[in-house]
Every structure is written in structure tokens, then in C-alpha cells.
Amino acid sequence: MFSEQAAQRAHTLLSPPSANNATFARVPVATYTNSSQPFRLGERSFSRQYAHIYATRLIQMRPFLENRAQQHWGSGVGVKKLCELQPEEKCCVVGTLFKAMPLQPSILREVSEEPPRSKYIHPDDELVLEDELQRIKLKGTIDVSKLVTGTVLAVFGSVRDDGKFLVEDYCFADLAPQKPAPPLDTDRFVLLVSGLGLGGGGGESLLGTQLLVDVVTGQLGDEGEQCSAAHVSRVILAGNLLSHSTQSRDSINKAKYLTKKTQAASVEAVKMLDEILLQLSASVPVDVMPGEFDPTNYTLPQQPLHPCMFPLATAYSTLQLVTNPYQATIDGVRFLGTSGQNVSDIFRYSSMEDHLEILEWTLRVRHISPTAPDTLGCYPFYKTDPFIFPECPHVYFCGNTPSFGSKIIRGPEDQTVLLVTVPDFSATQTACLVNLRSLACQPISFSGFGAEDDDLGGLGLGP
Amino acid sequence: MGRKRLITDSYPVVKRREGPAGHSKGELAPELGEEPQPRDEEEAELELLRQFDLAWQYGPCTGITRLQRWCRAKQMGLEPPPEVWQVLKTHPGDPRFQCSLWHLYPL
């Protein structure tokens, strides 16, 4: 992989300067298409309720679930609506889940100033299935703590005398159809970084960021490392470019005369970001996705950061400011990813602990963020729900996770997806390199001190 | 001098026709002349649109115009009745036709 290539070249550092210096041309991106158009908002009208999203979500997902139900439980299984249920008759129902959680933050409890918990699950949580007209409580072989509100699924079982539906089995829409990626002849890498956390005040992470920029632009290391760096064809910054501390709103509570001359912390941080992006985009195409703490709208889908904030870096056409979630086809490989708000919201309301497991689960239910709009802010769409996967990506990532993880999963129709959880750079100093040819992912870690190597090879490589 | 200016002068004067009990519900009694026929047709069209609003198959009707709801149903393959589209095309800009049943209520 990356480091093995570097080791093969002869060492040229600490030798007298030669007449001809080696130059490495960066691999050009053969094809790039940005397919994030569904996540761009045109007119923004908030005078609508969220019922439309749920209705369109159910209508769009119903055919996929009916197909899967027939694959799982035989083609003769009856798919019924809740109003057509007969007691004690085994049938299949397709609907949206709602989890009634006593610990769910509500505005009444917010007033009582409870400290925010990391998980809101409780043994008394109950699952309710809703279809277009009715709702029914679920009991039986269904994992209440793992599932979250907003998931569309098909349950198989029968309704009992107490009015609840006894579940014997259930299934999700599973992976969407996938177009195969064209084979590549050379190794090309895409670097995924998230959580740069600028403006956070930590000098340690700034050094790590500068090292990262130097590695990518080929200013670090010997000819071997420079040659490898030339194989990085794209950099994707997956959110949280600014630190959480730039969002502090202390100045709002203080008196005006105390805060007159203070500047928002994000202004300085954005200037630093502009300089870093300038260095990066002078050398490699960069895609910048906004995250939870970045200056853009709060609700999903987050719109691209405004180019006026980056006067230096926007001079280069290699800088692309993109939406969160972001979808693109790079050299024939479909990428889809978010800055992590969807996964961390599911983490709060589900018993699943591993972010990689949650990422895989969202792919299996065929929805990027089922908890939107219930507990995660979302724009009130009415025409379609853009978070349903129309097609299965080849690389699916999410940013700002506590640790690096990568896994290759297979779908029922031979789909292959590389899942990557990109760790928070300000905490872990680790970025991810995805090899487009072999669909393997390797972490690359930067330390400010010690004689440690730059690259950690052999972790989490696919088969 | 004219009569004293009352605050109610700022409101338009509307004379309500109060018939004897049993007739106050309305002008269903056919009157002679051309006026009732277009009104009956219009009433029938409005009734068709109201039934379209209340049909659960096409999703919620509040917050969007009937045309938007019809187009959404068409795109999703739910086969909404084409007569509704015809009626909506023939009365563009008229809020009684274009907006949903509950558009006067906030959200």
C-alpha cells in the first residue's frame, strides 16, 4: 500500500543536490461527477409540517420492502395494511417505526436543565408501527433497544387479542442495487479527513494538520513518500472543520459594553481554514463538506459553505464546496458520506455502540438518517425523501467518529461496499486513505513527537 | 352634519340575508337564469378537489398546493385522477381551487 511503495525507492535525502530533480505529476482525476443535486435546496419554505417526509418515505420504501418480504417469507405472504388485519392471522405489515422513549429530550424537561446524556435508551421503551392510516404497538422477537424511530420495515406476525402485534420476524429493505465500478489500472487514493477542529486552541492538532497538508502536497519525506503522495487524487474534508468551542455563545449573555470589540471565534478559525485550503487546493482537488460546528445551516441537508468565506482558496477551481451528505463518482467509484450527525444521533437513541455497526445498519435499512426529522433537524421536504438510497455506493463513509474503522460488507445481490468511519482529526490525528483500485482503506496517523512512523499499515485492510 | 363616525365604519358593510328558518342554509333552490349553472359546475369541481384532498392514498394535503400534491402523486406512480389536473389547469390563480382545504388555517 502507501508505505510499501515509499519504501521501494532509493533514499535521496541527505545527499548532495543533483542536477535533475525528480518531479512527480499527480494522478489526474479521470472522471468526476458530483451527484449531490438531491441535497441542494432551492426555495426554502418552512411553512410545512414534517408529515410529508414520513408519507413520502413510506410510499417510496414500500415496494422495496414488499419485495424483500416475498424473498424472506415466500411469495405467497400476504402484505396487509393495519386496517385490514384479522386477529390471529399471520401476515406481513409494512410501516414506519416509532419508538416511544420516556427519556427522550422534550422541551418541558429542557426547562428543568437536565445534563445531556450520551444515550437516551430505557428498558421501558416501546415500539409502535405506523402505516398510512393507523398505528399498532409491537411486541415479540424484535429488538426494541436497537431500533430507532423513522425506520421503515416489514414485520411478519399476527395481531393478538390485546391489540398488539406479535412479531415473529422482520426485515429491512437491505442494500439498494449497485452498478459495478469499472476496474482501474493504477493505484489511486482518496484521502478522507474530518474534524480538523480549527479554532479549538490546541497547538498539537495544528501541527498534525500542517503535517497532513505537507504529506499530501508532497513537501514531506523522501522521493518515495512524494511518489506515493502523487497518487492521492482527491481530498475530502468531512465536516467539523471548525472546533466546537467556536460555537460558544457566551457573548450573547454578556452585556453589550463588554462584548463590543470581541470578534466571534469562528472568524479567526475560518481565516486559518482558508490558509490551509489554499495550500491544499493549490495541489490537489479538495471537497469541503460542512459539519455540525461549521457556519452553515443546522438542518440536514447542510448546504455548502459560502465561497465568500475563503477569498484566498476560491481562486483555485480545485476547491469544491459541497453539501452534507455528499455524493460523487470519483473515477467510476461511487462515494457517499456524511459528516457524522446521522450516525451520532442514532447512537444516542439506540443500544448499538459501534459507529461502524451503525453505519452498516443505515445502509441495511436503506436510509441515510432515519431519525430525521424526529430527533435530528431536517428540512421539511414534501416531494421526496432524499435520504433514501436510490443506488448503493461503493464507498460509504461518515466523519467525526471517535475512532477509525473500516469494513467491507456484501449485499444480497452481490453488492460490495467499503464502510469507513473517519475519526475526529483533532482528537486522534488520524486520516483515512481509500485505495480506489482495491477498495481497501488504510489509516494514516500524524504524531507531533517521538520517533514513530508516519504510516500504520495493515490495519483494517479488506480481503 | 352627518352621523357620528363609528369604529365599525372601518369594516365593510355586508348585508346578510336572513330567510325564515329552514331556508337560511341556502340558495339551493334553483333560480331561473344563467347564474346557477356555472355555480353548480363550479361547486361540483370544488367538491371533486375536496375529495382529492381527503383521499389518503396521495399523502398529506396541508401546506402544499393541490397542483404540487397532484404532481407528487404522479411522480410516485400513484395514478391520481386526471380530472383533478384538468380542473386545476382551468382555474389557475384562484385560491379556492389551487390551495388545499385547510389553507386558511395556520400550518
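1. What share of the contacts in chain A with a separation of 6 or more comes from residues 24 or more positions apart? In this predicted model, such residues account for 74% of those contacts.

2. As to overall dimensions, chain A holds eleven helices and 18 strands. Its radius of gyration is 24 Å, close to the 23 Å that the globule rule gives for 463 residues, so chain A is as compact as a globular protein of that length. The C-alpha trace of chain A spans about 90 × 65 × 40 Å along its principal axes, and buried residues make up 52% of the 463 residues in the chain.

3. On confidence, the model scores ipTM 0.79 and pTM 0.83. Chain B averages a pLDDT of 78, with 76% of its residues scoring at least 70. Over residues 21-31 of chain B, however, the pLDDT is below 50, and this stretch has two contacts in the model beyond near neighbours in sequence. Where pLDDT is low, the predicted coordinates should not be read in detail.

4. Chain A contains an open sheet of six strands, in the order β11-β10-β9-β8-β17-β18, with mixed pairing. Strands β11 (319-321) and β18 (440-445) of chain A stand at the edges with a single partner strand each, so one side of each is left without a neighbour in the sheet. From one strand to the next, the twist averages 20°.

5. Within that sheet, strand β8 (residues 189-193) of chain A pairs with strand β17 (residues 430-435) of chain A in the antiparallel sense, over four bridges; here A:Leu192 stands opposite A:Cys432 in β17(A). Helix α8 (residues 265-281) of chain A packs on the sheet, where it touches β9 (232-238), β10 (286-289) and β11 of chain A, and the direction of the helix makes about 150° with that of β10(A).

6. The largest nonpolar core has 52 residues, and those with the most contacts inside it are A:Leu138, A:Val155, A:Phe165 and A:Tyr396. Helix α10 (residues 355-364) of chain A supplies the largest share of this core, five residues. Leaving aside neighbours within four places in sequence, A:Phe165 is in contact with residues including A:Leu85, A:Val93, A:Ile136, A:Leu138 and A:Val155.

7. A second, separate core comprises 34 residues, among them A:Val216, A:Ile276, A:Leu277 and A:Leu319.

Conventions. Residues are numbered from 1 along each chain as its sequence is written. Chains are lettered from A and ligands numbered from 1 in the order in which they are written. This is a predicted model: local features need pLDDT of at least 70, side-chain atom pairs count only at pLDDT 80 or more; totals for chains, interfaces and linings use all residues. Side-chain values use heavy atoms; hydrogens and water are left out. pLDDT is the predictor's confidence in each residue, from 0 to 100. Contact means heavy atoms within 4.5 Å. Two strands pair if DSSP finds at least two bridges between them. Helices (H or I, at least four residues) and strands (E, at least two) are DSSP runs, numbered from the N terminus. Axes are lines fitted to C-alpha atoms, for helices over the stretch in contact, and angles run from 0 to 180 degrees between N-to-C directions. A nonpolar core is a set of buried Ala, Val, Leu, Ile, Met, Phe, Trp, Tyr and Cys residues joined through side-chain atoms within 4.5 Å. Buried means under 20% relative accessible area, exposed over 50%, partly exposed in between (1.4 Å probe, protein chains only). The radius of gyration is taken over C-alpha atoms; the globule rule is 2.2 Å times the number of residues to the power 0.38.
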